[in-house]
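Let us walk through this model step by step. Keep the sequence and the 3D view side by side.

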2 protein chains.
Amino acid sequence: MLRKYKLTLLYDGTLYKGWQVQPNGLTIQEVLQQKASIVLRHPVFITGAGRTDTGVHARGQTAHFTTEQPMEKRRFLHSMNQLLPPDIRIKEMEEVPLTFHARKSAVSKVYHYHLYLESVMDPTKRLYTLHVQEKCDVSALATAASFLVGTHDFTSFASDGSRGIASYDSIRTIERLNLVQEEGGLKLEFQADGFLYKMVRNIVGTLLEVASGKRAAEEIPLILGARDRRRAGKAAAPQGLFLHQVFYS
Amino acid sequence: MLRKYKLTLLYDGTLYKGWQVQPNGLTIQEVLQQKASIVLRHPVFITGAGRTDTGVHARGQTAHFTTEQPMEKRRFLHSMNQLLPPDIRIKEMEEVPLTFHARKSAVSKVYHYHLYLESVMDPTKRLYTLHVQEKCDVSALATAASFLVGTHDFTSFASDGSRGIASYDSIRTIERLNLVQEEGGLKLEFQADGFLYKMVRNIVGTLLEVASGKRAAEEIPLILGARDRRRAGKAAAPQGLFLHQVFYS
């Protein structure tokens, strides 16, 4: 009998060319598929909720796959975590209806972006935060961030890449954009019904231009209104970004 | 004129064979000396406050060196951080009296040990925490820890290594041993007037045997009294350990 399973994944993206299988380097999806195929003894295709880029991490990526192979969930999880390299871990596994789809059924996602604000970088955080070396006016950053919350056309913050997202609907709702202080820095928590390609990193790059005084916070509504990628700032580096959680109804 | 400088250092010890120069691999001291010699254009010997082992990290290692080369502190610091690999950083630099000695003048040191207690490891923490996979009774651990605070002969917790420490005075005072909850785990903060070789890791290994139920907390005073390394537990893994701060009078 065909069954579908949902996985919750943690990974350190440092050494991978992102989530999605591609010809030019090792990806998270590829490693997971390879190990699952060994455990289940048939080719396994694993579909993720979000295609994280090179160097981006996850604390709660979700994915699904189907199999007709009877299995005990705890045993599968244990075998997988034994076979997987230490920078990829499966945290949870549950059986889901065959209609479930890791990406299409998601109703909301949370990304965290970590900024390190001390003048000298802590080397143990260099792979997991962005070191902000310019001035960082947190209150200007907070004002700018507040303009992004709500339902907007985020075309100005979407890199098109090879995914053609800009060609269709680019309206998204940021339900929450919180600034949380943490040791040595600041965490930006984004929750939205969906994210366009590189949207979080493009937003963070733009917010940092506000924080450094290069732009006024009040430019944000104008950037949104322009629907033009060239109006917003550069994408912030990948290593500060974590796919934190994916919600389903 | 000969001047002496104190450095405060941060490093990720993952890729190094510890602090001290040795024939079998690259060390933090060696890299620092090599870069300082380039900047100052003469051989530089750098003395650290503590000889951290392979895989151990630092957020506040201190060190000293002397030079007759006139220099501007900010410029030296900037040049050094440009030349150093990203896993070693100099945070601060100050001129100190010629009588200052990074190790001998230290009156107190703080080490932190990070435990990760979730059932599945977060891969982004794997190089900076110890994953505790057995039961961890935090209240038993706290009771055991309380027996260690104060002035004791710590011979049972000292590995002798090649340093011959066990051959002389092994009385130390643990001024503070706090348990602090942090995301996904627990941080043990040790402050003492000095630490014997591998003392923190030997203590943590023993505390974890108490936390898992293998020993009673009440064994700690007996282990201390025995003055016998074989009575205590195994050393905990290096990657959870950070030299956090060194105090001078």
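**A strand and its neighbours**

Two bridges join strand β5 of chain B to strand β6 (residues 130-131) of chain B, and the two run parallel. One contact to look up is B:Y116, whose bridge partner in β6(B) is B:H131. Bear in mind that this is a predicted model.

Now look at the other partners of β5(B). Strand β9 (residues 185-192) of chain B pairs with β5(B) in the antiparallel sense, over eight bridges. Here B:H112 stands opposite B:E189. Strand β10 (residues 241-248) of chain B also pairs with β5(B) in the antiparallel sense, this time over seven bridges. In that pairing, B:S108 faces B:F247 across the strands, with B:F247 in β10(B).

**Aromatic pairs**

Turn next to the rings. A pair of aromatic rings is described by the distance of the centres and the angle of the planes. Over all chains, the count comes to 13 aromatic pairs. One of them is formed by A:Y128 and B:Y128. Their centres are 6.4 Å apart and their planes stand at 80°, an edge-to-face arrangement. Where do these two tyrosines lie? A:Y128 is in the loop between β5 (106-116) and β6 (130-131) of chain A, and B:Y128 is in the loop between β5 and β6 of chain B, so the pair joins two chains. A:Y128 is buried, and B:Y128 is buried too.

Compare the rings of B:Y11 and B:W19. Are they stacked or edge-to-face? Their centres are 6.3 Å apart and their planes meet at 25°, so this pair is stacked. Planes under 30 degrees apart count as stacked. B:Y11 and B:W19 are both buried.

Chain A also holds an aromatic cluster. Its members are A:Y5, A:F65 and A:F76.

**Charges over rings**

Finish with two arginines. In chain A, the charged end of A:R59 sits over the ring of A:F242, at 3.8 Å from the ring centre. In chain B, B:R59 lies over the face of B:F242, and the distance to the ring centre is 3.8 Å.

Key: Residues numbered from 1 in each chain as written. Chains lettered and ligands numbered in written order. Predicted model: local features only at pLDDT ≥ 70, side-chain atom pairs only at ≥ 80, totals over all residues. Heavy atoms only, no water. Pairing = 2+ DSSP bridges. Helix = DSSP H or I, 4+ residues; strand = E, 2+ residues; numbered from the N terminus. Phe/Tyr/Trp six-rings, centres within 6.5 Å; stacked < 30°, edge-to-face > 60°. Buried < 20%, exposed > 50% of the residue type's maximum accessible area, 1.4 Å probe, protein only. Lys NZ or Arg CZ within 6 Å of the ring centre and 35° of its normal.
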